[in-house]
Amino acid sequence: MIDYFENGSIPRCRIGERFFNVNPDESLSPCGLIIKNYKTQKELREEFSRKNNCIYCYTSIRANSEKPAWYLLKDNINII
């Protein structure tokens, strides 16, 4: 999250691979900023994720899902 606010972006967003929204009709959407529905995660990855170049994702900072486990550990150790 700190990197997002320092840099104003998160490069290499992995939306559709690490996280996505499940809609009431069981379709999948990349995130709350992009309103497009896909039937399966495979379809979402192939049609959206591979072409995605968005760097202004606040969804990934909220979920911390873009960080590798070692980075999350480092964040927590730095707080202590």
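Which strand is Val22 found in? Val22 is found in strand β1, and we'll come back to that residue once the whole chain is in view. Keep in mind throughout that this is a predicted model.

**The chain as a whole**

There are 4 helices and 2 strands in the protein chain, and along the sequence they come in the pattern α-β-β-α-α-α. Of its 80 residues, 30% count as buried.

Among the elements, helix α2 (residues 41–47) has the highest mean pLDDT, 92, while helix α3 (residues 58–63) has the lowest, 61.

**The core**

Which residues make up the largest nonpolar core? There are 8 residues in all: Cys13, Ile15, Phe19, Leu28, Cys31, Tyr38, Leu44 and Phe48. In soluble globular proteins, nonpolar side chains tend to be buried together. Leu44 is a handy member to follow. Setting aside neighbours within four places in sequence, Leu44 is in contact with Gly16, Phe20, Leu28, Pro30, Tyr38 and Ser49. Two of those names, Leu28 and Tyr38, are on the core list too.

Leaving out neighbours within four places in sequence, Val22 is in contact with Ser27 and Leu28. Its C-alpha atom is separated by 9.7 Å from that of Tyr38, 16 residues apart along the chain.

Ser29, in strand β2, has a relative accessibility of 6% and so counts as buried, the cut-off being under 20%. The side chains of Ser29 and Asn23 are joined by a polar contact of 2.8 Å. Beyond residues up to four places away in sequence, Ser29 touches Phe20, Asn21, Asn23, Ile34, Lys36 and Asn37. Asn23 therefore turns up both as a contact of Ser29 and as its polar partner, and Ser29 itself is buried.

Between β1 (21–22) and β2 (28–29) runs a loop that holds Glu26. What is the phi of Glu26? It is positive, about 75 degrees, although Glu26 is not a glycine. Most residues other than glycine have a negative phi. Glu26 is also exposed, at a relative accessible area of 67%.

Thr40 sits in the loop between β2 and α2. A polar atom of the Thr40 side chain lies 3.0 Å from the backbone nitrogen of Glu43. The C-alpha atoms of Thr40 and Leu28 are separated by 6.8 Å, with the two residues 12 apart along the chain. Thr40 is partly exposed, with a relative accessible area of 39%.

The loop between α2 and α3 holds Arg50 and Asn52. Is Asn52 buried or exposed? Asn52 counts as buried, at 18% relative accessibility, whereas Arg50 counts as exposed at 68%. Leaving aside neighbours within four places in sequence, Asn52 is in contact with Cys13 and Ile15, and both of these are core residues. Arg50 and Gly16 are 34 residues apart in sequence and 9.1 Å apart in space, C-alpha to C-alpha.

Here are the accessibilities of some of these residues side by side.

| Residue | Relative accessible area | Class |
|---|---|---|
| Glu26 | 67% | exposed |
| Ser29 | 6% | buried |
| Thr40 | 39% | partly exposed |
| Arg50 | 68% | exposed |
| Asn52 | 18% | buried |

Methods. Residues are numbered from 1 along each chain as its sequence is written. This is a predicted model: local features need pLDDT of at least 70, side-chain atom pairs count only at pLDDT 80 or more; totals for chains, interfaces and linings use all residues. Side-chain values use heavy atoms; hydrogens and water are left out. Buried means under 20% relative accessible area, exposed over 50%, partly exposed in between (1.4 Å probe, protein chains only). Contact means heavy atoms within 4.5 Å. A polar contact is a pair of N or O atoms within 3.5 Å; within protein, one must be able to donate a hydrogen and the other to accept it, and residues adjacent in sequence count only if both atoms are side-chain atoms. pLDDT is the predictor's confidence in each residue, from 0 to 100. A nonpolar core is a set of buried Ala, Val, Leu, Ile, Met, Phe, Trp, Tyr and Cys residues joined through side-chain atoms within 4.5 Å.
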